[in-house]
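Trainee: Could you help me learn to read a protein model? I would like to go feature by feature.

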Amino acid sequence: MKKIEAIIKPFKLDEVREALSEIGITGLTVTEVKGFGRQKGHTELYRGAEYVVDFLPKIKLEIVVSESIVELAIEAIIKSAGTGKIGDGKIFVMPVEQVIRIRTGETGDAAV
């Protein structure tokens, strides 16, 4: 099993969720986060004063999938989250040693 973490633009969340649902992924965790990369923030105007926003709002998705659909999930995220512009985000893939469903005690792929 693998854990996929994806940092995406907030307005792309619904598209990504739908794309993942189409390939059979039924559960994910979403967290509102702030950060920056090469985009390095931007300048905004508030009541006539200009100020720099260093950390931009992003969405972090966390998904645990069986190894057989990792590549499908990555492709779905890239296609649905991409705009072709700076700040589209990143995807991280990590190994997962064990998964346990608390309610039933199921383990492994059955718990995902």
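Mentor: Gladly! Let us begin with surface patches: they are made of residues with over 30% relative accessible area and no salt bridge, where like charges are joined within 9 Å and nonpolar side chains (Val, Leu, Ile, Met, Phe, Trp, Tyr) within 5 Å. Accessible areas come from the Shrake-Rupley method with a 1.4 Å probe, and for residues only the protein chains shown count as cover. A salt bridge is a side-chain nitrogen of Lys or Arg within 4 Å of a carboxyl oxygen of Asp or Glu.

Trainee: Which residues form a nonpolar patch on the surface here?

Mentor: Ile 78, Ile 91 and Val 93 do, and together they have about 230 Å² of accessible area. Val 93 is found in strand β6, residues 90-95. Helices (H or I, at least four residues) and strands (E, at least two) are DSSP runs, numbered from the N terminus.

Trainee: Before we go on, what kind of model is this?

Mentor: This is a predicted model, in which local features need pLDDT of at least 70, side-chain atom pairs count only at pLDDT 80 or more, and totals for chains, interfaces and linings use all residues. Residues are numbered from 1 along each chain as its sequence is written, and side-chain values use heavy atoms, with hydrogens and water left out.

Trainee: Where in the chain is confidence lowest, and where is it highest?

Mentor: Here pLDDT is the predictor's confidence in each residue, from 0 to 100. The chain has a mean pLDDT of 91, with 93% of its residues reaching 70 or more. Confidence is lowest in strand β3 (residues 42-46), at a mean of 67, and highest in β6, at 98. Where pLDDT is low, the predicted coordinates should not be read in detail.

Trainee: Now for helices. Which residues are buried in helix α1?

Mentor: First the cut-offs: buried means under 20% relative accessible area, exposed over 50%, and partly exposed in between (1.4 Å probe, protein chains only). In helix α1, residues 13-22, the buried ones are Val 16, Ala 19 and Leu 20. Looking down the axis of α1, you find its buried residues within an arc of 95°, so they line one face of the helix. That arc is taken from the directions from the helix axis to the C-beta atoms. An α-helix has 3.6 residues a turn, so residues three or four places apart point the same way.

Trainee: What do the buried residues of α1 pack against?

Mentor: Contact means heavy atoms within 4.5 Å. The buried residues of α1 pack against β1 (2-8), β5 (56-65) and α2 (70-81). After α1 comes Gly 24, whose phi is positive, near 100°.

Trainee: Can you show me a residue in α2?

Mentor: Take Ser 80, which sits in helix α2. Ser 80 counts as buried, at 7% relative accessibility. Leaving aside neighbours within four places in sequence, Ser 80 is in contact with Lys 12, Glu 15, Val 16 and Ala 19.

Trainee: How many salt bridges does the count come to?

Mentor: The count comes to 5 salt bridges. In one of them, the side chains of Lys 9 and Asp 88 meet at 3.7 Å, N to O. Lys 9 lies in the loop between β1 and α1 and Asp 88 in the loop between α2 and β6, so this pair ties together parts that are 79 residues apart in sequence. Lys 9 is buried at 13% relative accessibility, and Asp 88 is buried with a relative accessible area of 17%.

Trainee: Could we look at some others?

Mentor: Of course. Glu 15 and Lys 12 meet in a salt bridge at 3.3 Å, N to O. Glu 15 is partly exposed, with a relative accessible area of 39%, while Lys 12 counts as buried at 9%. Arg 101 forms a salt bridge with Glu 106, their closest N and O atoms being 2.8 Å apart. Salt bridges that share partners also join Lys 3, Glu 5 and Glu 62 into one network.
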